[in-house]
Amino acid sequence: MNVTIIGAGNMGRGIGTRAVAGGHSVTFVDANPEVAEKTAADVKAAAKNGAKVSTASLGDAVLGDVVVMAVWYGTNIEIAKQLGTKLAGKVVVDIANPLNSTYDGLATAPDSSSAEDLAKAIANGAKVVKAFNTTYAGTLLAGEVAGQKLDVFIAGDDADAKAKVTQIVTDGGMRAVDAGPLSRARQIEAMQLLHIVTQGTLGTNWGSAIKIIS
Ligand SMILES: NC(=O)c1ccc[n+]([C@@H]2O[C@H](COP(=O)([O-])OP(=O)(O)OC[C@H]3O[C@@H](n4cnc5c(N)ncnc54)[C@H](OP(=O)(O)O)[C@@H]3O)[C@@H](O)[C@H]2O)c1
């Protein structure tokens, strides 16, 4: 698959690393072209099975089948509005944790989530999928925590779109956990708020993962 990652910061780098390790080609887009170039150069080292790594500007980018919004809540919505109909038919992955200004609660309405707010803002025909918001950037580079595969919780209303994201997750050596419809993003985002506020208590320094074990 061709994956466009908008935002070549910590999470763009982490998701890009897992995607190319699974043989999927990645194009990085960033507000700062030098950041996109640097991330692309670093991520290339992880590429397998002919996966290609490139960069583009937002205006010129030929979007891949899957577009990952690796930016903050609010910016994801601005970019979706900017891209408009270019997103039609695409799978758009929302990874944001919509924290409030004091980082101790969510900025979204109780009956919504970042993913649902994005879906409302997006061009008709795009399929929004929630994923990767519980996997810290550093753990994505490694692809595991304590020798265990990362769980990636996936929510969305379109089965084909979820299957595409599941494929990227699985090929990248992680476990996809289907959490249900897009509205389930409310619980996934709240679950990650708990994971964020307990970093200090646990002293895990953003190196932990949420995993369901059995
Ligand atoms: N960090 C984590 O471990 C983690 C884990 C799970 C989920 N998340 C979520 O992932 C998202 C990204 O987090 P991050 O840590 O990767 O942030 P980050 O390191 O700041 O990366 C975001 C990148 O997007 C760029 N950007 C900003 N506006 C843009 C635009 N309009 N077009 C293109 N690029 C733009 C930023 O450039 P500038 O720096 O120049 O603004 C920056 O390079 C957030 O929603 C966060 O909640 C993060």
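This is a predicted model: local features need pLDDT of at least 70, side-chain atom pairs count only at pLDDT 80 or more; totals for chains, interfaces and linings use all residues.
Local features need pLDDT of at least 70 and side-chain atom pairs count only at pLDDT 80 or more, while totals for chains, interfaces and linings use all residues. Residues are numbered from 1 along each chain as its sequence is written.

**View A. Around the ligand.** Here 26 residues surround the ligand, each with its C-beta atom, placed from the backbone, within 6 Å of it. The closest are G7, G9, N10, M11 and A96. By type, the shell splits into 17 nonpolar, 8 polar and 1 charged (Ala, Val, Leu, Ile, Met, Phe, Trp, Tyr, Cys and Pro count as nonpolar, Asp, Glu, Lys and Arg as charged, and the others, Gly among them, as polar). Helix α1 gives the most to this shell, with 3 residues (helices are DSSP runs of H or I, at least four residues, numbered from the N terminus).

**View B. Where α1 meets α2.** The axes of α1 and α2 (residues 33-43) come within 10 Å and cross at roughly 35°; axes are lines fitted to C-alpha atoms over the stretch in contact, and angles run from 0 to 180 degrees between N-to-C directions. On the α1 side you'll find G12, R13, G16, T17 and V20, meeting T39, D42 and V43 in α2 (contact puts C-beta atoms, placed from the backbone, within 7 Å). That set comes to 2 nonpolar, 4 polar and 2 charged.

**View C. Where α3 packs on α4.** Helices α3 (residues 75-83) and α4 (residues 114-121) pack at about 20°, axes 9 Å apart. That angle makes α3 roughly parallel to α4 (under 35 degrees). N76, I77, A80 and K81 of α3 touch S114, D117, L118 and A121 of α4.

Terms used: Helices (H or I, at least four residues) and strands (E, at least two) are DSSP runs, numbered from the N terminus. Angles under 35 degrees count as roughly parallel, over 145 as roughly antiparallel, 65 to 115 as roughly perpendicular and the rest as oblique. Two residues are in contact if their C-beta atoms, placed from the backbone, lie within 7 Å.
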